[in-house]
Amino acid sequence: PIVCASVRVTIMAPEVSPGSRRDEFQDRGFLLLKGFVSKDGCESMKKRMKELVDGWDPQLETPAAFTTDSKQQTEMQGKSDYFLDSADRIHFFIEKSAADEDGKLKAGQKKFDALNKVGHGLHVLDPVFRDYSQSSKISELVEELGWKDPVLPQSMYIFKQPLVGGEVTSHQDSSFLYTTPRPTCLGLWLALDKATTENGCLWARPG
């Protein structure tokens with residue numbers, strides 16, 4: 001499982017010293033910071049998410065299936081009130097292959113193993129995720145990278161599930177969190193488990 005708290009910088013790339021973090025980020029467009037959160041901090045967020053999922057009853061609602069397939073995004077997310085109303089709520093999104101024809105969780109499918117992500121108002125409603133997302137460590141990093149008066153529009157906990165997990169295609173968050181007169185979207189991605197090329201780590205393109 002992976003947590004992504006959004007003011008939004010993709011944290012990945014060669015590790016660098018604190019004094020050169022802004023230059024490295026501006027040059028490559030992404031940055032890797034190892035050990036940004038302690039092991040205990042990561043475990044606390046994983047434990048809290050398990051509590052949230054345990055308290056979720058998928059039979060009481062029709063959870064939206066989430067996909068990054070360009071042909072299905074508009075239909076599955078763009079027309080879903082459950083998705084569009086999630087900015088200040090905690091909603092549960094399942095993998096497409098874990099849903100039946102009516103959009104409900106398939107019979108016999110364990111709910112935790114079916115989830116694609118949980119969001120998008122964790123930073124608003126949940127104390128554990130709010131403490132991380134709005135911590136001084138986050139705000140100081142964002143300020144160091146050059147952002148002034150940032151707004152935190154969304155946060156999510158992303159799962160990388162075996163067997164039912166769907167492909168996440170190449171994309172830019174600024175296409176979805178659009179600002180003018182220029183793009184200012186910055187995403188912070190925190191791996192709660194060891195992320196490798198074998199288990200679904202984040203990839204980034206320099207530039």
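C42 counts as buried (under 20% relative accessible area, with exposed meaning over 50% and partly exposed in between; 1.4 Å probe, protein chains only), because its relative accessibility is 8%. C201 is likewise buried, at a relative accessible area of 14%. Across the whole structure, 0 disulfides were found, a disulfide being a pair of cysteine sulfur atoms within 2.5 Å. The model is predicted: local features need pLDDT of at least 70 and side-chain atom pairs count only at pLDDT 80 or more, whereas totals for chains, interfaces and linings use all residues. Residues are numbered from 1 along each chain as its sequence is written, and side-chain values use heavy atoms, with hydrogens and water left out.

Helices (H or I, at least four residues) and strands (E, at least two) are DSSP runs numbered from the N terminus. Strand β6, spanning residues 115-120, is mostly covered, with 6 of its 6 residues buried. Strands are taken to pair if DSSP finds at least two bridges between them. Strand β5 (residues 90-95) pairs with β6 in the antiparallel sense over 5 bridges, and I90 has H120 of β6 as its bridge partner. Strand β7 (residues 154-158) also runs antiparallel to β6, joined to it by 4 bridges; here M156 of β7 stands opposite G119.

In helix α8 (residues 136-144), the buried residues are I138, L141 and V142. Viewed down the helix axis, the buried residues of α8 fall within an arc of 95 degrees, so they line one face; the arc is that of the directions from the axis to the C-beta atoms. E140 and E143 are exposed on the other side of α8. The helix is followed by G146, which has a positive phi, near 110 degrees.
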